[in-house]
Amino acid sequence: MSISSEHKPLGKQVTGSLHMVSKLSPIVELNVGGEMYTTTLSTLKKHPGSKLAEMFTGQPKLRTDSEGRFFIDRPGTYFKYILEYLRSNQVPTQCIQDVYKEALFYDIEPLIKQLEDSPQIFGELVARRQFLARVPNYSENIELMIHIARAEAVASRQSSVIVCVVRTEEDAARCQDALNSLDMDKKSVVKFGPWKAVPSISDLLDCIQMDVEAKGYKISFQPHVAEKGFRFKSHDYFYKFLFTWW
């Protein structure tokens, strides 16, 4: 009887200590991609439906670093803008594209919606992306351009990729006639278009350069003039993109 009575309070003590271990401190130290932050638990859980709030709801779901700080493997530079929004509802005016990516990752819906109303994100989502969605196989053609350029990069400072850009079905037919008369491997010519939208060929060329450079490549483009003549001006449809490697 004496042994049993002695163990009862010990069991309660162990249960209580485990409860204290699982309970998060109201002050939370974070290591976000190597950047250190200190904030409150209530700030992190301000939007209960967010992924960020879920990370700190119930049992901790994050690993800790050697100093005991909760570690989030995301770019730490932009987390300060996320925290500032959670603390004061201040929508960032810098690094909009990058902060938008982080807002999507942490699933903070109010911030996502406010950023999508900003000129930078609105222009990208509603204007540019909607236009490119009307250009057949746009993303695939970007990857094909890069594949061709890399294949030709052996022992070279630059690689060139010929691109055919046509806006209408009529232009597509003329482009095919021009392509048939060009003295080159037709498989190495990347074709964009036709499309039904307001932006011009020049606009599409700018988009191609922007999206290839966003992948880390250094490129430029110019009209491609064929070495031999044919019925149509080659520079009406054909452009040479130069990839510079060093």
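The model is predicted, so local features need pLDDT of at least 70 and side-chain atom pairs count only at pLDDT 80 or more, while totals for chains, interfaces and linings use all residues. Residues are numbered from 1 along each chain as its sequence is written, and side-chain values use heavy atoms, with hydrogens and water left out.

**Sheet**
- An open sheet of 3 strands has the order β2-β1-β3 with mixed pairing, where strands are DSSP runs of E with at least two residues, numbered from the N terminus, and two strands pair if DSSP finds at least two bridges between them.
- Its edge strands, each pairing on one side only, are β2 (35-40) and β3 (70-72).
- Strand β1 (residues 27-32) runs parallel to β3, to which 3 bridges join it, and N31 stands opposite F71 in β3.

**Helix packing**
- Helix α4 (residues 79-88) packs on the sheet and touches β1 and β2, contact meaning heavy atoms within 4.5 Å.
- The axes of α4 and helix α5 (residues 96-106) come within 9 Å and cross at roughly 65°, axes being lines fitted to C-alpha atoms, for helices over the stretch in contact, with angles from 0 to 180 degrees between N-to-C directions.
- In this contact, F79, Y81 and I82 of α4 meet V99, E102, A103 and Y106 of α5.

**Residue E109**
- E109 lies in helix α6 (residues 109-116), helices being DSSP runs of H or I with at least four residues.
- The C-alpha atoms of E109 and G49 are separated by 8.4 Å, although the two residues are 60 residues apart along the chain.
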